[in-house]
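Dear colleague,

Please find below the structure I promised to hand over. A short account of the findings follows it.

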Amino acid sequence: MKPLPIALPPQCARRIEPEIAERIVGVGNADLLETHLLGFVASRECPGHVLLEILDRIPEWVEANRVIISGFHSPLEQQVLRSTLRRNGRVVKALARSMSDYRPTAEEREPLADGRMLVITACLPKVRRVTRETALARNRLVLALATEIVAPYLSASSPLADMLI
């Protein structure tokens with residue numbers, strides 16, 4: 001899949017630095033950015049009861065036609081992605097690396113083809129691996145594009161906690 005430049009809707013563009021907005025490329029349905037985006041972030045370490053509580057909320061989000069935006073990187077975020085896609089929900093996945101070698105997973109192919117998914121990045125083409133720096137930049141992008149944020153679990157040492165203050 002060849003990534004194309006993504007023109008952010010005005011409500012999103014106002015919340016992003018212009019030089020970052022100009023670098024955003026993606027594959028999938030860019031119209032998903034026109035909707036009310038539910039930002040979802042969580043720390044890597046997460047208690048099981050939080051996972052269960054969130055998995056119980058996903059059918060409600062899908063039924064309400066919510067679009068979830070996340071990096072879908074932490075185990076909880078990955079579970080949210082899988083559960084949302086299985087229920088035919090809509091998502092925007094933000095990568096913490098370039099799309100130069102992006103290959104959709106088997107579970108992402110159908111949602112991308114059906115217009116239920118958008119994969120974006122603001123990383124330069126030379127960024128081929130996720131680093132702490134690119135992960136933080138990706139999380140800032142997710143939080144900036146989101147209209148509403150759900151952060152069910154943040155560890156005290158997580159940089160995400162600092163971003164949400």
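In what follows, a contact means that heavy atoms lie within 4.5 Å. The model is a predicted one. Among the contacts in the protein chain with a separation of 6 or more, 72% join residues 24 or more positions apart.

As to the overall form, the protein chain contains 7 helices and 7 strands, which follow one another along the sequence as β-α-α-β-β-α-β-α-β-α-β-α-β-α. Its radius of gyration is 15 Å, which agrees with the value near 15 Å that a compact globule of 165 residues would have. Along the principal axes, the C-alpha atoms fill a box of roughly 40 × 35 × 30 Å.

Of the 165 residues, 47% count as buried. The accessible surface of the protein chain is about 8600 Å², and carbon and sulfur atoms account for 51% of it. The chain carries 22 positive and 19 negative charges, whose mean positions are 6 Å apart.

E108 counts as buried because its relative accessibility is 1%, and the cut-off for buried is under 20%. Apart from neighbours within four places in sequence, E108 is in contact with L81, L85, K93, Y102 and M117.

Finally, the cysteines. The count of disulfides is 0. C123 is in no disulfide, and the nearest cysteine sulfur, that of C12, is 18 Å away. C123 counts as buried, at 16% relative accessibility, whereas C46 is partly exposed, with a relative accessible area of 27%.

With kind regards

Methods
Residues are numbered from 1 along each chain as its sequence is written. This is a predicted model: local features need pLDDT of at least 70, side-chain atom pairs count only at pLDDT 80 or more; totals for chains, interfaces and linings use all residues. Side-chain values use heavy atoms; hydrogens and water are left out. A disulfide is a pair of cysteine sulfur atoms within 2.5 Å. Buried means under 20% relative accessible area, exposed over 50%, partly exposed in between (1.4 Å probe, protein chains only). Helices (H or I, at least four residues) and strands (E, at least two) are DSSP runs, numbered from the N terminus. The radius of gyration is taken over C-alpha atoms; the globule rule is 2.2 Å times the number of residues to the power 0.38. Accessible areas come from the Shrake-Rupley method with a 1.4 Å probe; for residues, only the protein chains shown count as cover. Lys and Arg count as positive and Asp and Glu as negative; His and the chain ends are not counted. The place of a charge is taken as NZ of Lys, CZ of Arg, CG of Asp or CD of Glu.
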